[in-house]
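I opened my notebook for this one and wanted a plain record of what I looked up. Here is the structure I worked from.

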Amino acid sequence: MEKYTNQCAEAFLNQQGKLFDEPVACTIEEAKEFLEECCAQVFDTIEEVRQYLEDEGMDVDALTDEELEEELEVFKVEDGQYLVVNG
């Protein structure tokens, strides 16, 4: 099974402008390749995202879940998952 679903790749394509000044991918396949190259992580809940970012040394204690969803590296996927891209 591939790590990044079409929905993950599409979410990244649609929202990549919040993290990058210029597009880094133009197609679903390019998006999947980019996500693989930068070791993007997929999480089922915002709580998992919070724990991951804390483990990575980011201070997210004061952020609400909504504020956490707005962080540049966090991409909300249509199916309810979250994609964290280390840009």
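My entries below go from the whole chain down to single residues.

**Ground rules.** I'm working with a predicted model, where local features need pLDDT of at least 70, side-chain atom pairs count only at pLDDT 80 or more, and totals for chains, interfaces and linings use all residues. I number residues from 1 along each chain as its sequence is written, and side-chain values use heavy atoms, with hydrogens and water left out.

**Whole chain.** I counted elements and got 4 helices and 3 strands in the protein chain. Helices (H or I, at least four residues) and strands (E, at least two) are DSSP runs, numbered from the N terminus. Going along the sequence, I read the pattern as α-α-β-α-α-β-β. The radius of gyration is 12 Å, close to the 12 Å that the globule rule gives for 87 residues, so the chain is as compact as a globular protein of that length. (That radius is taken over C-alpha atoms, and the globule rule is 2.2 Å times the number of residues to the power 0.38.) I also boxed the C-alpha atoms along the principal axes and got roughly 35 × 30 × 20 Å.

I call a residue buried under 20% relative accessible area, exposed over 50%, and partly exposed in between (1.4 Å probe, protein chains only). The areas come from the Shrake-Rupley method with a 1.4 Å probe, and for residues only the protein chains shown count as cover. On that scale, buried residues make up 37% of the 87 residues.

**Salt bridges.** How many salt bridges does a search of the whole structure find? I got 2, taking a salt bridge as a side-chain nitrogen of Lys or Arg within 4 Å of a carboxyl oxygen of Asp or Glu. One joins the side chains of Asp65 and Arg50, at 2.9 Å from N to O. That pair links distant parts of the chain, with Asp65 in helix H4 (residues 65-69) and Arg50 in helix H3, 15 residues apart. Asp65 is partly exposed at 29%, while Arg50 is buried at 16%. Lys76 pairs with Glu69, their closest N and O atoms being 3.8 Å apart. I noted Lys76 as partly exposed, at 42%.

**Strand S2.** Val74 is in strand S2 (residues 74-76). Is Val74 buried or exposed? I put Val74 down as buried, because its relative accessibility is 0%. Val74 and Gln41 are 33 residues apart along the chain, with 9.7 Å between their C-alpha atoms.

**Negative patch.** I found Glu10, Asp44, Glu47, Glu48, Glu78 and Asp79 gathered in a patch of negative charge on the surface. Patch members have over 30% relative accessible area and no salt bridge; like charges are joined within 9 Å, and nonpolar side chains (Val, Leu, Ile, Met, Phe, Trp, Tyr) within 5 Å. Lys and Arg count as positive and Asp and Glu as negative, with His and the chain ends not counted. I place each charge at NZ of Lys, CZ of Arg, CG of Asp or CD of Glu. Glu48 sits in helix H3 (residues 46-55) and is partly exposed at 34%.

**Two loops.** Pro23 is in the loop between helix H1 (6-15) and helix H2 (28-37), and I logged Pro23 as exposed at 62%. Pro23 and Leu13 are 10 residues apart in sequence and 8.1 Å apart in space, C-alpha to C-alpha. Cys39 is in the loop between H2 and strand S1 (41-43). I noted a positive phi of about 55 degrees for Cys39, although Cys39 is not a glycine. Cys39 is partly exposed, at 47%.
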